[in-house]
Amino acid sequence: MRTMVVGVDGSEGGQRALASALRLAQATGAALRAVHACARRPADIPETYLADAHAFEQDVEVARRRGEQILEEALQAANGQNSGVTVERQVVCDERPADVLRRQARDSDAEMLVVGSRGLGGFSGLLLGSVSQQCVQHAPCPVLVVPPEDRPS
């Protein structure tokens, strides 16, 4: 395996996905692209931004910096699991998270995409979160969905 992509959103599910991806990358010698996606869809843009593009760009920059912080904290929390693994960090703030992850997997010729089964989205009763479900259905490579620790038996 040459390259894997993992979605990291700051949630427990994202942290578990990162830990699994790091272990797989270490075992296979794959490079890892850790991706944080900040959703910035037209529906997220308040009308006040239409008149003030500068305010919108400032908010996107704040989201980008927060994404970089989330990636840094997640990799630090992985606590040495990334020994010998090349990790590239990507923060993308212009699309829906599932679209970002699928595009990153395609653009990097990833041989696997790793996601948590539930991240920061709502409806905790769903077995798969909407991002992981979209990735499973539309990714250009195999997808590993890492379940929550408290998964019902």
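Trainee: At 6% relative accessibility, does C93 count as buried or exposed?

Mentor: Please keep in mind that this is a predicted model. The cut-off for a buried residue is a relative accessible area under 20%. C93 has 6% relative accessibility, so C93 counts as buried.

Trainee: Which residue does a disulfide join to C93?

Mentor: A disulfide is a covalent bond between the sulfur atoms of two cysteines. The structure holds one disulfide, with an S to S distance of 2.4 Å. The cut-off is 2.5 Å, so that distance qualifies. The partner joined to C93 is C38.

Trainee: How many residues apart are C38 and C93, and where does each lie?

Mentor: C38 is in the loop between β2 (31-37) and α2 (47-51), whereas C93 is in the loop between β3 (87-92) and α4 (97-107). The pair therefore links distant parts of the chain. The separation is 55 residues.

Trainee: What is the distance from the sulfur of C141 to the closest cysteine sulfur?

Mentor: The closest cysteine sulfur is that of C135, and it is too far for a bond. C135 is in no disulfide. Both residues count as buried, C135 at 0% relative accessibility and C141 at 10%. The sulfur-to-sulfur distance is 8.9 Å.

Trainee: What pattern does the chain follow when read along the sequence?

Mentor: The chain contains five helices and five strands. Their order along the sequence gives the pattern β-α-β-α-α-β-α-β-α-β.

Trainee: What share of the contacts with a separation of 6 or more comes from residues 24 or more positions apart?

Mentor: For context, buried residues make up 40% of the 153 residues in the chain. The chain exposes about 8,600 Å², of which carbon and sulfur atoms supply 49%. Among contacts with a separation of 6 or more, the share from residues 24 or more positions apart is 76%.

Trainee: How is α4 oriented relative to α5?

Mentor: Two packed helices are described by the angle between their axes and the distance between the axes. The axes of α4 and α5 (residues 130-138) come within 9 Å and cross at roughly 40 degrees. That angle makes α4 oblique to α5.

Trainee: Which residues in α5 do P97, A98, L101 and R102 meet, and what is the handedness of the crossing?

Mentor: The four named residues belong to α4, and their counterparts in α5 are V131, Q134, C135 and H138. C135, which is in no disulfide, is thus one of the residues that α4 meets. The crossing of α4 past α5 is right-handed.

How values were computed
Residues numbered from 1 in each chain as written. Predicted model: local features only at pLDDT ≥ 70, side-chain atom pairs only at ≥ 80, totals over all residues. Heavy atoms only, no water. Helix = DSSP H or I, 4+ residues; strand = E, 2+ residues; numbered from the N terminus. Buried < 20%, exposed > 50% of the residue type's maximum accessible area, 1.4 Å probe, protein only. Contact = heavy atoms within 4.5 Å. Areas by Shrake-Rupley, 256 points an atom, 1.4 Å probe, with all protein chains shown as cover. Axes fitted to C-alpha atoms, helices over the stretch in contact; angles between N-to-C directions. Parallel < 35°, antiparallel > 145°, perpendicular 65-115°, else oblique. Left-handed = near helix turned anticlockwise from the far one by under 90°.
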